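Me: I am new to this structure and would like to learn how to read its features one at a time. Could you take me through them slowly?

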Amino acid sequence: MATDEAYIKLAERAGHADSRLLHLILEKAMKPEEARFLLELPASNADLAAKFQMTEKAVEEKVHELARRGLVVTSRKGIRFPRDLGTLHDNILASVPELIPDGIGQLWMDFYESGWWKEIVGGLTQLPNPALRVILPLKAVPAGVKLLPHESAEEIIMAHKDLISIRRCCCRVGAQSSRGAECKHPTFTCTQFGRRAEYDLYRGSGKKVSADEAIDIHQEATQAGLTPTVTNVSVMEGLEFICYCCGDACLVLNPIIRGDKVMAALSPSRFLPKVDNKLCNGCKDCVPACCFGAIEMKTVPGGKTPVAVINKEKCVGCGICVLKCQPKAIVMELVKPPEFIPATLIGPSSIVHG
């Protein structure tokens, strides 16, 4: 069956006009007449009504329906089809379950494995500074250390307490619905603030929560081994989300780990773990907990049994190893100055998590 020209044009906007997999994703996500409607955006309701012989009320309802399914986003020029595939992927798979087309998660994963992951690496490494930054789990913060406001999950959440939403992680929804899924991490974790939360609530994909509830979700997600990340800026207004990422499914962590570009795409925290060799019992629980491969078991001088050794070249200072260390042999140490965190992010905002 020939692909409808409207799908091809939408795929062309994303730089993949000839991708059969993307055509299949678009065919799953929308009807041909909806693809033609999306091609006309942004436009006024009056213009759309005239173009498609609809009432303005019907146009308004159609736009809201498309938003609920993740097919439109807001912009300065009005509602439009997402410019980049990352946002389209995120919005479709973060929709409420009943609005996610059957099989589309598998198609997204097939497209990812076909080479999209390499494009993601390229996009994430094109900026002067990494777009995303790791923050510590609250329970991994070393005793006696006062975090800067923009590196504390609690303070970030409290600064945005007026409007917080939680939605399902689009990456894990896609990965967990695909063949041979390995990721078992919790999905209801993505924390959005301000205009992002407002849009989640508008399209019904997010649940409004209190600051205390958001902090509880942070504790649960990090205890489950998920790495909290934020936009790599020090201005609190620029921190519009906290994502909880894993190396198995995250469409940021997974590609940069595969492409060996972690440090180019992800800014570490200001901390590094330190191991007390006298307390380490060699249990190895910290090794699989580190998705960055920064921990090895080695015999150190003066020791008889292998202990955890941190590879500082690979470590992003996420602190997950601290939470997994039963004998409390690992603690985080402050190793970088406050100015390590930049004030602004230079480059397209679409690079950052949608």
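Predicted model: local features only at pLDDT ≥ 70, side-chain atom pairs only at ≥ 80, totals over all residues.

Me: How many salt bridges does the structure hold?

Reply: A salt bridge pairs a side-chain nitrogen of Lys or Arg with a carboxyl oxygen of Asp or Glu within 4 Å. The structure holds 15 salt bridges, and we can look at some of them in turn.

Me: Which residue forms a salt bridge with K62, and how far apart are the closest N and O atoms?

Reply: The partner of K62 is E65, and their closest N and O atoms are 3.3 Å apart. Both residues belong to helix α5, which covers residues 56–68, and because they are three residues apart in that helix, about one helical turn separates them.

Me: Is K62 buried or exposed, and what can be said of E65?

Reply: Here a cut-off is needed, since a residue counts as buried under 20% relative accessible area and as exposed over 50%, with partly exposed in between. K62 has a relative accessibility of 18%, so it counts as buried, whereas E65, with a relative accessible area of 34%, is partly exposed.

Me: Which residue meets R270 in a salt bridge?

Reply: The side chain of R270 meets that of E151, at 2.7 Å from N to O. This pair links distant parts of the chain, 119 residues apart, with R270 in the loop between β7 (266–267) and β8 (271–275) and E151 in the loop between β1 (132–134) and α8 (153–159). R270 is buried, its relative accessible area being 4%, and E151 is buried as well, with a value of 5%.

Me: Which residue is the salt-bridge partner of K274, and where do the two lie?

Reply: K274 forms its salt bridge with E333, and the closest N and O atoms are 3.7 Å apart. Again the pair links distant parts of the chain, since K274 lies in strand β8 and E333 in strand β11 (residues 330–334), 59 residues apart. K274 is partly exposed at 46% relative accessible area, and E333 is partly exposed at 36%. Elsewhere, salt bridges that share partners join E34, K62, E65 and R69 into one network.

Me: Which residues form the negative surface patch, and which helix gives the most to it?

Reply: A patch of this kind is made of residues with like charges and no salt bridge. Here the negative patch is formed by E154, D212, E213, D216 and E220, and helix α11 (residues 211–223) gives the most to it, with four residues. E220 is found in helix α11, and because its relative accessible area is 54%, it is exposed.

Me: Which residues does Q106 touch beyond its neighbours in sequence?

Reply: Not counting residues up to four places away in sequence, Q106 touches S177, S178 and R179. Q106 lies in helix α7, residues 104–124, and is buried, with a relative accessible area of 15%.

Notes: Residues numbered from 1 in each chain as written. Heavy atoms only, no water. Buried < 20%, exposed > 50% of the residue type's maximum accessible area, 1.4 Å probe, protein only. Contact = heavy atoms within 4.5 Å. Patch = residues over 30% accessible without salt bridge, like charges linked within 9 Å, V, L, I, M, F, W, Y side chains within 5 Å. Areas by Shrake-Rupley, 256 points an atom, 1.4 Å probe, with all protein chains shown as cover. Lys, Arg positive; Asp, Glu negative; His and termini not counted. Charge placed at Lys NZ, Arg CZ, Asp CG, Glu CD.
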